[in-house]
Structure formats: C-alpha cells, structure tokens
Amino acid sequence: MVTALPSEFMENVQFPVEAGSPHPLGATPSRSGVNFSLASANATGVDLLLFSAHDSLEPFQTIRFDPYVNKTFHFWHAFVRGLRPGVRYAYRVDGPFDSAGQKFNRNEVLIDPYARGNSAFLWDRASSCTPEDNLTWIIREK
C-alpha cells in the first residue's frame with residue numbers, strides 16, 4: 001500500500017505539474033503521481049491547494065491551472081508527478097458573480113465533490129457562507 005509522503009518532506013519540495021487528463025473526475029492516483037480533474041463550465045480560473053496534513057493551516061504548494069494547458073472543454077485538470085495518495089487537497093475557483101445566479105468566490109476554499117474522503121478537523125461550513133477568505137478565517141479562529 002502506498003502512503004502519503006512525510007509532511008516535513010512535502011514542505012520542502014515543489015512537485016512538478018503536467019497537463020493531466022480530464023477523466024476521471026476527482027483525484028486519481030497512479031504509480032507516478034496523482035491526476036486531479038474538476039468540472040466547471042463557467043470557471044475562469046482554478047487553483048489546486050495541496051496540504052501536508054489534515055490539520056495544516058496553509059498549503060505547501062498551490063498549483064494555478066493554465067486554461068491553455070490544464071483545461072479541456074469544461075474540465076480543469078493537472079497531473080502532479082511524484083505525489084502520493086493521502087495528501088489533502090482543496091480548490092479555489094474563480095468565475096462570474098452575477099445576477100444570473102453564478103456565485104463564484106475566489107476567496108473560498110472548496111472541497112472536491114468527487115473526493116473519496118474529507119476531514120472536518122479545521123473546516124467550518126458556516127465560514128464558506130461569507131465573502132471572506134475561509135482559509136484566513138480558520139487561521140484567525142484556531
């Protein structure tokens with residue numbers, strides 16, 4: 001069984017990022033890394049945040065998806081070479097905030113709806129109902 005890399009190792013390394021594949025959705029591990037894919041028809045930007053542990057307050061690496069490299073139709077995707085299963089991750093998604101009902105907020109840290117597991121150790125659902133950065137809220141309150 002493959003386990004996550006030690007947190008002290010992850011905080012000192014930046015994993016190489018490749019284009020990845022749009023399918024399947026979610027985080028899909030392989031022997032050489034992890035593919036991440038998220039569907040959003042109206043997003044204008046996506047950041048993948050990688051955390052070293054379930055109680056990490058800051059990501060050890062933030063990966064900004066390039067729409068010319070990491071997007072296929074409505075799918076945003078990236079392959080993180082060398083990453084192993086068990087690493088915690090979340091997204092920040094940018095896009096329109098308008099009267100048509102689109103309420104993108106780049107300040108919010110979002111969980112993957114296709115994730116195979118989530119931790120509620122630091123995350124407070126109520127903090128995502130404000131326009132503030134909910135990662136900053138977590139740091140202030142803990």
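Tutor: A residue is called buried under 20% relative accessible area, exposed over 50% and partly exposed in between, with a 1.4 Å probe and protein chains only. This is a predicted model, in which local features need pLDDT of at least 70, side-chain atom pairs count only at pLDDT 80 or more, and totals for chains, interfaces and linings use all residues. Residues are numbered from 1 along each chain as its sequence is written, and side-chain values use heavy atoms, with hydrogens and water left out.

Student: Is Phe-60 buried or exposed?

Tutor: The relative accessible area of Phe-60 is 11%. Because buried means under 20%, Phe-60 is buried.

Student: How many aromatic pairs does a search of the whole structure find?

Tutor: Rings of Phe, Tyr and Trp (its six-membered ring) pair if their centres lie within 6.5 Å; planes under 30 degrees apart count as stacked, over 60 as edge-to-face and the rest as tilted. With this rule, the number of aromatic pairs found in the whole structure is three.

Student: How many residues apart in sequence are the parts that the pair of Phe-15 and Phe-60 ties together?

Tutor: Phe-15 and Phe-60 pair edge-to-face, at 6.1 Å centre to centre and 65° between the planes. Helices (H or I, at least four residues) and strands (E, at least two) are DSSP runs numbered from the N terminus. Phe-15 lies in the loop between α1 (7-10) and β1 (17-18), and Phe-60 in the loop between β4 (45-51) and β5 (61-64), so the pair ties together parts whose separation in sequence is 45 residues.

Student: Is Phe-73 buried or exposed?

Tutor: Phe-73 is found in the loop between β6 (71-72) and β7 (75-81). Its phi is near 55°, a positive value in a residue other than glycine. With a relative accessible area of 65%, Phe-73 is exposed.

Student: With which side chain does the side chain of Ser-52 make a polar contact?

Tutor: Ser-52 lies in the loop between β4 and β5 and counts as buried at 12% relative accessibility. A polar contact is a pair of N or O atoms within 3.5 Å; within protein, one must be able to donate a hydrogen and the other to accept it, and residues adjacent in sequence count only if both atoms are side-chain atoms. At 3.1 Å, the partner of the Ser-52 side chain is that of Ser-56.
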